[in-house]
Amino acid sequence: MKAPNLKKAGILSLMIVVIVIGCWEAYLRNSGLPIDYDDGPELWSDKRAMVYEPIDRATVFIGSSRNKYDIDIDTWESITGEHAIQLSVEGNSPLPVLDDLADDKNFKGKLIIDVTERLFFSILGNNIDEPAEHVAYYKNQTPTQHFSFLVNHFLEDKFVFLDKNFLSLNSMLSKLPLPKRKGKSFEPFDYPLEASRIRFNRQNYMMDKFIADTVSQNHVIAIWEFYEKRNKEVPASGHKLDSFFTAIKNSCDKIKARGGKVLFLRTPSSGYYWEIETKNFPREKYWNQLLVYTNCPGIHFKDYVSTASLICPETSHLGHDQAIYFTKSFIQILNEQKFWILPTPPIALNNLNIKTKTYGF
């Protein structure tokens, strides 16, 4: 009996796969979708390895998603002439990363810590797991894992369809309009793809399509409200809050003792989020006391005319054009307040054209 010719079947199967993937990729690109990167522990570790640059050559940013949206890395680097290293982790506290940098005797650089109160001062405890896992991955990463990251980066750089967060099979299955089942709560997981794209430098940004679509913005606000009501935040207070301040001060002191610098930043929020944040985390009890306890400088967006009126499209993060404006304003405030002097920039600070205005949508 003649054996089947599997070679032709294999070639045919390969051709079908290539054609299907090629058509899918072409469709996504024609839809206007840009390349997006998987922002997992591998990419975070790649940036974590860069923190040892001289203090006059780089600034490290830690915090949550607001830092990733609101600090425009290209703008920062073009104006200051220094490297912006983004180590913030979305939806999480920066404290595990702060502790890691504080305990790293080789880190002696500039550090900007974004303060999103509901993540920074919450005692729920589930907002430190992911950054702690990132730190552990960085410390224990094997050569094989690093090689895999390099290969993945090469492929991610070429293909839109490799978007793990929105275009993977599991992600797309989660968006199927399944009927509600008795005893099961509905969770609005269908976060708009256009609201969160990620560059290789870990910069988050909103696409123009999302900025122009108030329906999508209101959908995201509804998601925020859903999770806020389901996950009742518990602000730290009393002895627990004092312990927070003490631990943060100790970490900041370690960095400053080595010649490093630390600054806290309260990035913009508006509407729904601003209301619940000011209600649950009054400034005099949290932000003000943080600066007093740590003896570190801080910049609160509400204290400066150039940034106080910024309006976030979905109440929590800035759009891309706003981020550029905020970053320019932030650099100017840093230099005017002399919290620290940035390197001589390629673009003179007096040519930034920062004007007093309401920059919103």
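The labels are taken in turn below.

Me: What is the overall make-up of the protein chain?
Reply: This is a predicted model. The protein chain has 15 helices and seven strands. Of its 361 residues, 45% count as buried. The chain exposes about 18,300 Å², with carbon and sulfur atoms supplying 58% of that area.

Me: Why is Phe147 called exposed?
Reply: The label exposed needs a relative accessible area over 50%. Phe147 has 56%, so Phe147 is exposed. Its place is in helix 8, residues 143–156.

Me: Which residues make a nonpolar surface patch with Phe147?
Reply: Val151, Phe154, Leu155 and Phe159 make the patch with Phe147, and it covers about 460 Å². Patch residues need over 30% relative accessible area, and the 56% of Phe147 meets that cut-off.

Me: Why is the pair of Trp76 and Phe330 called tilted?
Reply: The structure holds 16 aromatic pairs. In the one formed by Trp76 and Phe330, the ring centres are 5.9 Å apart and the planes make 35°. Trp76 lies in helix 4 (residues 73–80) and Phe330 in helix 15, so the pair ties together parts 254 residues apart in sequence. Both residues are buried.

Me: What makes the pair of Phe245 and Tyr293 stacked?
Reply: The planes of Phe245 and Tyr293 are 25° apart, at 4.6 Å centre to centre. Stacked requires an angle under 30 degrees, so this pair qualifies. Phe245 is in helix 12 (residues 238–257) and Tyr293 in helix 14 (residues 287–294), 48 residues apart. Ring pairs also link both into a cluster with Phe120, Phe121, Phe264, Phe281 and Tyr286.

Me: Are Phe245 and Tyr293 buried or partly exposed?
Reply: Buried means under 20% relative accessible area. Phe245 has 1%, so Phe245 is buried. Tyr293 has 29%, which lies between 20% and 50%, so Tyr293 counts as partly exposed.

Me: How do you know that Lys47 lies over the face of Phe200?
Reply: The distance from the ring centre is 3.8 Å, and the cut-off is 6 Å, along with an angle to the ring normal within 35 degrees. Lys302 likewise lies over the face of Trp274, at 5.2 Å from the ring centre.

Conventions:
Residues are numbered from 1 along each chain as its sequence is written. This is a predicted model: local features need pLDDT of at least 70, side-chain atom pairs count only at pLDDT 80 or more; totals for chains, interfaces and linings use all residues. Side-chain values use heavy atoms; hydrogens and water are left out. Patches are made of residues with over 30% relative accessible area and no salt bridge: like charges are joined within 9 Å, nonpolar side chains (Val, Leu, Ile, Met, Phe, Trp, Tyr) within 5 Å. Accessible areas come from the Shrake-Rupley method with a 1.4 Å probe; for residues, only the protein chains shown count as cover. A salt bridge is a side-chain nitrogen of Lys or Arg within 4 Å of a carboxyl oxygen of Asp or Glu. Helices (H or I, at least four residues) and strands (E, at least two) are DSSP runs, numbered from the N terminus. Buried means under 20% relative accessible area, exposed over 50%, partly exposed in between (1.4 Å probe, protein chains only). Rings of Phe, Tyr and Trp (its six-membered ring) pair if their centres lie within 6.5 Å; planes under 30 degrees apart count as stacked, over 60 as edge-to-face and the rest as tilted.
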